[in-house]
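Please examine the sequence and the model shown below before reading on. The explanation is meant to be followed with the structure in view.

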Amino acid sequence: MKNRPVSCANAATSSVCVGMSTAAVPVPDETTTAEPAGSTSPNTNTDTSTDTNASTGFAPAKLDSALDAVHRAGVPGVYAEVRDADRTWRGAAGVADLGTGRPVRPDMRQRVGSITKTFTAVAVMQQAEQGRIRLDAPIGDHLPRLVPGERGRRITVRMLLNHTSGIPDYIRYAFPSLRTRSPESLDDNRFKRFRPAELMEMGLAAPPTGEPGGPNGVYSNTNYRLLGELLERVTGMPAERYITRHVIEPAGLRHTGFPAGPRIEGPHSRMYEALHGAIDPPRDYSVYDMSWVGTGAALVSTMEDLNRFYGMLLAGKLVGESSLAQMQRTVPVRALNGRTIDYGLGLEKVEMPGCGTFWGHSGTVWGAGTVSLTRADGRRRMSVATNLIRWNETDSAGEPQPHPVDDALQRLYQQALCGDGNPGTDPASQAPAPS
């Protein structure tokens with residue numbers, strides 16, 4: 001069952017991007033072994049003549065076909081929006097509910113996982129512009145009880161933003177059964193209300209992943225929970241409220257927000273988790289208390305809102321030019337799935353040979369994967385959502401194995417980002433997987 005895509009005109013602003021790879025979709029960055037994955041070109045940024053002049057085909061019929069192929073390969077439901085200058089295509093293929101056959105729609109809301117990190121980073125940069133936060137100030141100046149002593153003096157706000165703090169991720173400690181690929185702790189914690197301090201303490205108590213400020217980072221949700229506490233400290237309001245008032249609302253995002261409870265409000269799909277074959281058949285995790293990720297990965301949004309958000313960010317409408325340049329200064333960061341990504345301050349950089357440089361983020365939570373990419377010149381944007389994640393079974397060494405969904409998603413991303421402009425390029429070798 002499929003909703004046919006539609007073409008429409010829009011007057012969207014310029015854009016931003018994230019990347020997505022399909023080869024081995026890992027456990028969410030909200031879990032023990034997953035994160036954004038991407039390319040590795042440190043300290044480079046912004047538009048280039050290649051981006052501005054890149055010619056990319058915009059073919060709704062081909063996008064329609066590529067979307068269908070992802071569904072046929074095994075994803076219950078997939079939906080997307082692609083923009084090319086003033087043209088917009090939206091499509092959906094498959095079902096939102098395996099039990100009833102209810103069709104998926106392109107305007108459905110999705111738990112977008114670590115795409116939340118860009119929103120949090122924007123909020124921090126806004127406070128930096130107002131002089132309330134200094135990027136290179138020790139985090140211990142603001143949060144002495146959470147990050148005391150020598151560690152608090154050595155770790156800066158910038159290191160939290162670009163994952164070079166050396167503070168490990170807390171997910172494996174919050175969901176211990178994931179170490180053996182068991183869903184037991186997922187089920188046990190479905191309605192648990194985690195305290196932010198509890199989660200941060202898990203990460204801070206674990207062995208460091210490296211020295212603060214090293215040349216290479218290690219992706220960690222703990223960093224962005226600490227940034228949420230920092231925002232609360234300097235603004236005097238909960239970080240989620242600040243992000244809503246000063247990032248989401250000014251961007252005009254009508255369907256984006258932090259959930260007030262375990263259920264998603266508005267039209268949405270069920271979200272099916274396979275946990276690399278450990279859950280067979282995949283189980284619905286669309287109802288879940290998102291306190292386990294908060295300012296790191298809790299947002300709900302739509303593909304239209306994500307394309308608008310990254311477009312406004314890259315156009316300089318949410319932070320100033322200097323702040324955006326800081327966000328686009330990248331370092332190599334090891335994702336939770338072991339891949340290396342090119343990461344700035346809450347932004348991933350993805351190079352697609354032949355069709356340009358893209359900026360944005362990707363994200364997964366239980367049952368849902370999302371990627372939002374926009375070319376650096378703002379003309380080409382892609383946001384894609386799936387209602388199944390971690391479909392790859394693993395080998396004896398625990399490595400996810402190839403699956404037909406991987407190839408189908410590669411072709412969708414290729415068509416969405418580059419059209420027919422650079423045949424032969426493997427998007428999975430360039431762009432990050434949902435994390």
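This is a predicted model: local features need pLDDT of at least 70, side-chain atom pairs count only at pLDDT 80 or more; totals for chains, interfaces and linings use all residues.

The paragraphs below take up helix packing, a pocket, a sheet and a loop, in that order.

Helix H3 comprises residues 116-129, and helix H11, with which H3 packs, comprises residues 303-314. The axes of these two helices lie 12 Å apart, and the angle between them is about 35 degrees. The crossing of H3 past H11 is left-handed. From H3, the residues that make this contact are Thr118, Phe119 and Val122, and from H11 they are Leu306, Phe309, Tyr310 and Leu313. Sorted by class, the contact of H3 with H11 contains six nonpolar residues and one polar residue, with no charged residues.

Helix H3 also meets helix H9. Here the axes come within 10 Å and cross at roughly 40 degrees. H3 passes H9, too, in a left-handed crossing. On the H3 side, the contact involves Lys117, Thr120, Ala121, Ala123, Val124 and Gln127. The contact of H3 with H9 divides into seven nonpolar, four polar and one charged residues.

Helix H9 leads on to the largest pocket. This pocket holds about 360 Å³ of space. Its lining consists of 20 residues, and those closest to the centre of the pocket are Arg193, Arg225, Glu240, Ser291 and Gly294. Which elements give two or more residues to this lining? They are helix H9, spanning 221-235, and helix H10, spanning 239-248. The largest share, four residues, is supplied by H9. In terms of class, the lining of the largest pocket has nine nonpolar, five polar and six charged residues.

Attention now turns to the strands. An open sheet is formed by three strands in the order E7-E6-E15, with mixed pairing. The edge strands, each of which pairs on one side only, are E7 (283-284) and E15 (388-389). Strand E6, residues 272-273, runs antiparallel to E7, and two bridges join this pair. Within that pairing, Tyr272 has Asp284 of E7 as its bridge partner.

Most residues other than glycine have a negative phi, and most peptide bonds are trans. Leu275 is placed in this loop between E6 and E7, and its phi is near 45 degrees, a positive value in a residue other than glycine. Pro281 lies in the loop between E6 and E7 as well. Is the peptide bond from Asp280 to Pro281 cis or trans? The bond from Asp280 to Pro281 is cis, with omega near 5 degrees.

Notes
Residues are numbered from 1 along each chain as its sequence is written. Side-chain values use heavy atoms; hydrogens and water are left out. Axes are lines fitted to C-alpha atoms, for helices over the stretch in contact, and angles run from 0 to 180 degrees between N-to-C directions. A crossing is left-handed if the near helix is turned anticlockwise from the far one by less than a right angle, and right-handed if clockwise. Contact means heavy atoms within 4.5 Å. Ala, Val, Leu, Ile, Met, Phe, Trp, Tyr, Cys and Pro count as nonpolar, Asp, Glu, Lys and Arg as charged, and the others, Gly among them, as polar. On a 1 Å grid over the protein atoms alone, a cavity is a set of points where a 1.4 Å probe fits but cannot get out, and a pocket is an open set with protein on both sides within 12 Å along at least five of seven lines; lining residues have an atom within 4 Å of a point. Grid points are joined across faces, edges and corners, and a volume is the space filled by probe spheres set on the points. Two strands pair if DSSP finds at least two bridges between them.
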